[in-house]
Amino acid sequence: MILDKEVEIKIGSKNKKYYIEKGYDVKLGDSLIVPIEDLYEGSKVKVNVQCQNSLCTSKNKKIQYRHYIVNINANDNHKYYCSNCSNNYNKNKLAKLNQDNKVLVYGDRYYWTFEENRIKEFMKYIEEYKILDNMEKINSRLYNAICRYENGNLAFANKLNLNIEELFQKKKPNNYYDRNYIIDHIKQFIKENSRFPSQQEMGVYRRC
Ligand SMILES: [Zn+2]
């Protein structure tokens with residue numbers, strides 16, 4: 001999105017005809033202020049732009065108008081994205097395309113971002129193991145994906161209207177959130193992975 005309402009331009013040999021045809025009375029070398037809507041598409045004049053990804057954290061920039069046009073034309077929603085967000089937009093679009101064409105497979109990036117894939121793998125797992133206890137040890141990849149996108153396997157099983165009583169046979173201890181219990185988990189993690197769990201991995205214990 002362009003933040004400026006109008007901008008100063010200079011008439012040169014390339015844009016003179018364009019502005020005359022737009023009704024401006026101009027000659028070579030003139031400087032004038034025009035509204036953004038009237039800018040010549042190939043204009044090198046710099047405009048202040050704001051990335052239209054609402055989660056974007058980069059600062060507003062000043063870029064050439066012609067680069068702005070190239071940017072918005074590259075996106076089918078005709079919005080402006082900074083280079084960082086533009087990459088994400090295109091990657092997500094590609095992932096969606098691959099998903100729709102059924103070529104996004106287990107192990108691919110973005111695979112878990114699609115709910116239908118999570119359901120498919122989750123149900124496959126249940127069919128094979130019947131219960132969800134120890135899922136974190138049996139299939140940590142699936143477990144982590146379910147933690148990340150579905151807030152844990154209990155929440156996901158609930159969402160899918162599955163029989164919780166049957167799926168969780170081991171009762172969680174009453175002190176599940178107890179400090180010592182968490183410390184034991186961390187110790188176990190260090191034993192298995194030879195490193196301290198990340199904040200996210202510790203969060204996994206809390207949520208799932
Ligand atoms: Zn951005």
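1. The expected span of a helix is taken here as 1.5 Å times one less than its number of residues, with helices (H or I, at least four residues) and strands (E, at least two) being DSSP runs numbered from the N terminus. On that basis the 18 residues of helix α3 (residues 83-100) should span 26 Å, and because the end C-alpha atoms of α3 are 26 Å apart, the two values agree. Just after α3, K102 takes a positive phi of about 60°.

2. The model is predicted, so local features need pLDDT of at least 70 and side-chain atom pairs count only at pLDDT 80 or more, whereas totals for chains, interfaces and linings use all residues. Residues are numbered from 1 along each chain as its sequence is written.

3. The chain holds ten helices and four strands, which follow one another along the sequence as β-α-β-β-β-α-α-α-α-α-α-α-α-α.

4. Helix α4 (residues 115-129) and helix α6 (residues 140-150) pack at an angle of about 135° with their axes 11 Å apart, where axes are lines fitted to C-alpha atoms, for helices over the stretch in contact, and angles run from 0 to 180 degrees between N-to-C directions. The pair is therefore oblique, a class left over once angles under 35 degrees count as roughly parallel, over 145 as roughly antiparallel and 65 to 115 as roughly perpendicular. The contact (C-beta atoms, placed from the backbone, within 7 Å) is made by R118, E121, F122 and Y125 of α4 and by L142, A145, I146, Y149 and E150 of α6.

5. Two further residues deserve a look for their backbone angles. K130, in the loop between α4 and α5 (135-138), has a positive phi near 70° without being a glycine, and K130 counts as exposed because it has 11 C-beta neighbours inside 10 Å. N151, in the loop between α6 and α7 (153-159), is likewise not a glycine and has a positive phi of about 65°; with 14 C-beta neighbours inside 10 Å, N151 counts as partly exposed.

Technical notes
Two residues are in contact if their C-beta atoms, placed from the backbone, lie within 7 Å. A residue is buried if 20 or more other C-beta atoms lie within 10 Å of its own, exposed if 12 or fewer, and partly exposed in between; C-beta atoms are placed from the backbone.
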